[in-house]
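Here is a colleague's note for someone meeting this structure for the first time. Please keep the sequence and the 3D view open while reading.

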Amino acid sequence: MIFNLRLRLAAIGLTCIIQPLPAQDLLMTTLTKELNREFGQLKKADDRLYYMSYRVDDITTYNIRTSFGAVSGIDSSRYRIFSPSVRLGSYQLDNTHNAGFGQFPGTIPVVNDEDIIALAVWKNTDNAYKNAVQAYEQVLTNKKVKAAEEDSAADFSAAAKVVYHDPPLLYAALRPDVDALVKNLVAYSALLKANPDLLAGVANIEFKIIRKYFTDTDGSSIIENSTSTWQSVYSITKASDGMELPLFRMYYAYEPQGLPSRDSVLRDIKEMSTTLTALRTAPVADPFVGPAILSGRASGVFFHEIFGHRLEGKRMKSDFDGHTFKNKIGSPVLPSFLSITLDPTLKNVGNTEVNGFYRYDDEGVPAQKVTAVEDGILRSFLMTRTPINGSNGSNGHARTAPGGIPESRQSNLIVKATTSKTAAELKELLRKEARKQGHEYGYYFEDVQGGFTSIGRTMPNAFNVMPVEVYKVFADGSPDQLVRGVDLIGTPLSMFRRIVAADNTVETFNGMCGSGSGWVPVSASSPAIFVDLIETQKKSKSNERPPVLPRPDLDDASH
Amino acid sequence: MLKKILLSACSFALVLGAGAQELRDNFYVKVLSEELDRNIRRLRLPDLGKPFFISYKLRNTVSQSLRAERGRIVTPFSGPSETKTASVKLLVGDYHRNFDYLFNDGSYIVLPDENNADEFRRVLWLETDRAYKKTAQQYNATMAALKRVTVDPKELELHDLSRIRAEVKDLGERPPIPRAGIERWKPLLEKLSALFVAYPQITTSSCHLAVTHAEEYLVSSEGAIIRRPVSQALLTISAAMPGDDGTNIFETYDEYVTRIDDLPDATALEAAARGIIKRILERDQASKFEGAYLGPVLFEGESLSNLISGFFRYSLGVNRKSILYPDNSTTFYEDKLGQKLVAADLSLTALPRLKAYGGRHTTGAFDIDYDGVEPPDSLVLVRNGVLKSLLNGRTPTRKFQEPGGFAYGERAYSAGVLKLTADKVAPLKDMKKELVKAAKEEGLPYAYIVRNVNVSYGQAPYLYRIDTATLKEELLTGFKFTNLNMRSMRRFVIAANQLRLWNQSFYSVICPQSMIIGEIELEAENSVVKAKPIIVTNPLLDKKAHSGPSGVFHPRPAHRRTSLEAAPVKTRRTSKK
């Protein structure tokens, strides 16, 4: 349900969603009661049933969108996603065996009525149970017809019972100052309009309030609140060869008050706008093999994509996974000056609010700091309640988008270097290495829009980090040159060996990570790194010409 | 006298002129016109055809909805929501050859909430640019493809787009949403939805009110400038319960009106909700149809209007034959003009401008069509069973070269209001007797009545069997119509002598209150697959059982079934032909 705030903002505010506080607990009471009733009856009917859990994500959003100084839309929504989990068989082997799909989430009306909630839960649970039965039969059949799998660990493990209830949300107090946010966003996107080279310039904000409910047949009962604010500024221009050149600035904070000041955002946008103009006429980079520096943000994405996804334990249960690190606990996997932790208990890294914080994961396990790599040595994986050979027990990294099946996912990834250099020293290293390799230049990757990697066995185990702002750093000390059309590619194991040094400034990339269990909030913090050998390829590009006519507001002939 | 006439003519012209100027000064018209003007003048790539036609459509909509379940409002935000969208139509070539009827990408753009001229024009600019490049590419490719086929010269002679007299018309702004919006409906929706609470076996129920008010703009390079208001409100009451055999027994009541105040009063809506409850409970206990039937069936009320709409709403429009590809799947009714289509006692007329009938507003009426062409007041489509005309727009065909004014989208046509009349009629109260008479003439012990139920996709969920000897009626489920299509109307027997208006979504049917059609085929529903019943007992029934007996409902004993094994078969009465 989306509600347009603009028309009714002053009149009604959000009175509809401001529930009496005890009403927020009615949902948990009803969920627990219905879970016990369902489990009791289903268990009598089918003694293979051994575990059930219910998860509800009660989500309220506020969205404000502006474009070139005009308000595109202001709206708000409130919905509840219900995710039942039903396990048949035993801890050793159950219907979830190697299943990445098959969750059938439902919705629960946003109303405080026990009967309405119970009916929705009842119908969805029946669906989930029937799906579980079908899946379990398939698992048993697969066991009979297929060769033994490489991983013989159980499908599920016990976890300590947890009871934790955040206080009811005070929705009225959390309601953002929409007028103030609109004013800022209008100013941000209007600044982009001032640049005649830009085809579009938007500034948006999404403020999300989530109250998550978890209850299971082991007696756990968790209610956790969270908020998140994403402010994004996006603009795009087009080169004469058709290449689309987008740039983004993303700002994350728990609440809108935590966003950077208006002046600092305006400064960022001005700089972004200038870069976009420069990109239009920047030369297209040719494929290259040689040295490069990845800025802290670029490096954060690099480690998230190339390293982090290969630490996700649950996926290693499958024979289709690449198992890059599966049997390498205790072995060196990175240069000895690097350590990596994943810590969902952190709300800040330095002064930056980070997006991967939570108290309990989506299987009801407390979030825990995981030291994945210590001085280059692999120590641990990100684990859910699904063990793998050699790693038992969850460390609180079972995560999913609302409605999905929890998988091992990253949280706040932090790269630390025990020895570090200044940015200038790092750049000098790059120049020196370029000279050594006989290149005129190396690359500096300033900013990236994201990346992806293949972790299976069918396709090459490669990665692609998608930079949007790249500079040639010349060996002879000439000024850096902005280039366009570059993707950073490679294969993980060879790339890790080439990391030579890091600088002494940590930068954070807050983002959303999309994988098997959907989009989850994550962050990656890292110093800039110097890699003595990277590979680039040309970025795919549109061949559509730029628009024939000038932008209407700049077309003198039409005024 | 002459002076008086001249004076009044002058003042009339002045009024018209002022209205047109006011429309031209409208923010949306101005923005659309300015962007359209520079594009039609200057949009061109070297060595590529330039656009000869551009039109912009803009829809400015405010919608509001409210939903109640079991006595509670479940819509978190019920305030109005405003959306503005636009679409661009751009043609390359000329009126004779542009292939308009072959391509339509159906894309539309979302415009900003704020009325900011620069931003509106920027979005239109990018979309027009995209449309031009795509259309020019398609035009050249199709011209090239045309060189490899031989086309019937008569088809080749046809223009691809007919010329029109461009209208400048302001038919009114978006109807205002009442100050209280639909908020004042909350208590009634709560009350109606609370009627289901006493029936815990009904596990899904809701009352939903949705109101849409919009204004649509059309500005074209031909000079058309049109604004027209659009409004519709829909109240839906629906409920479902799981049948004992796994079937989902679903009932719904829809009321379409042009304005919220036209909705039935509380008493009528309460009766509708109670009717749903009664029918659901009856259907749960109903016998199953068995065997097969071929004979007369009486269609009553909404069932008949659904049937007529299903047969004729989308079929009586012209279809242009492709000059590129053979098309064996389309029925070209144009080739059947002058031929008998339905029974000689039946006539069909399009009444697109009819705003009200029997004291109620029609939801389908329009004064100007999708292309900006005024429709006629009426058009006889079928007279005495013979096909006389078809609905058309700006795509010429051999027999319809002039624009008809019935365009309802890209290559879709609508009568707006379709009226079906019958020459052979009987009083409404005698229709059941007529049915029995018709059945007896064929020696049938039973006949069937489809009464006020939604007939969608040619099927109804239940009907009534009437014993021709005792006139006793019995509700039956588990059947299907076979071969029910427009041709069935050739077996028309008799209709009630009173007509009634039935509103659907932006479409209205005026037809007899009931009609008997002979030679309707019925068969037992032969699906061998049904969903398993829900295994765990209904939580509301459990709650009721634990909280003591109720005066309203006595729950069935909870079933205890093992996993996905078959549910115990309930012995049912069966019905034979």
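1. Basis. This is a predicted model: local features need pLDDT of at least 70, side-chain atom pairs count only at pLDDT 80 or more, and totals for chains, interfaces and linings use all residues. Residues are numbered from 1 along each chain as its sequence is written, chains are lettered from A and ligands numbered from 1 in the order in which they are written, and side-chain values use heavy atoms, with hydrogens and water left out.

2. Helix pair in chain A. Start with H5 (residues 178–193) and H6 (residues 262–281) of chain A; their axes come within 9 Å and cross at roughly 20 degrees. Helices here are DSSP runs (H or I, at least four residues), numbered from the N terminus. Axes are lines fitted to C-alpha atoms over the stretch in contact, and angles run from 0 to 180 degrees between N-to-C directions. H5(A) and H6(A) are therefore roughly parallel to each other; that term covers angles under 35 degrees. Their crossing is right-handed, meaning that the near helix is turned clockwise from the far one by less than a right angle.

3. What makes the contact? On H5(A), the residues are A:Lys183, A:Asn184, A:Ala187, A:Tyr188, A:Leu191 and A:Leu192. On H6(A), they are A:Arg262, A:Val265, A:Leu266, A:Ile269, A:Lys270, A:Met272 and A:Ser273. Contact means heavy atoms within 4.5 Å. The residues divide into eight nonpolar, two polar and three charged. Ala, Val, Leu, Ile, Met, Phe, Trp, Tyr, Cys and Pro count as nonpolar, Asp, Glu, Lys and Arg as charged, and the others, Gly among them, as polar.

4. Salt bridges. How many salt bridges are there over all chains? A search of the whole structure finds 87. Each is a side-chain nitrogen of Lys or Arg within 4 Å of a carboxyl oxygen of Asp or Glu.

5. A:Lys130 pairs with A:Asp126, with the closest N and O atoms 2.6 Å apart. The two are four residues apart in helix H3 (residues 114–145) of chain A, about one helical turn. A:Lys130 counts as buried at 16% relative accessibility, and A:Asp126 counts as buried at 9%. Buried means under 20% relative accessible area, exposed over 50%, and partly exposed in between (1.4 Å probe, protein chains only).

6. B:Glu35 and B:Arg38 meet in a salt bridge at 3.0 Å, N to O. Both lie in helix H2 (residues 27–42) of chain B, three residues apart. B:Glu35 is buried at 0%. B:Arg38 is buried at 0% too.

7. A bridge between helices. B:Lys191 and B:Glu270 meet at 3.6 Å, N to O. B:Lys191 lies in H5 (residues 186–194) and B:Glu270 in H6 (residues 266–285) of chain B, so the pair ties together parts 79 residues apart in sequence. B:Lys191 is partly exposed at 47%. Elsewhere, shared partners join A:Asp555, B:Glu34, B:Glu35, B:Arg38, B:Arg42 and B:Arg121 into one salt-bridge network.

8. Two residues to look up. B:Ala439 lies in helix H8 (residues 431–441) of chain B and is buried at 0%. Beyond four places away in sequence, B:Ala439 touches B:Pro296, B:Leu444, B:Tyr446, B:Ala447 and B:Thr468. A:Arg431 lies in helix H8 (residues 423–437) of chain A and is buried at 15%.

Key
Parallel < 35°, antiparallel > 145°, perpendicular 65-115°, else oblique.
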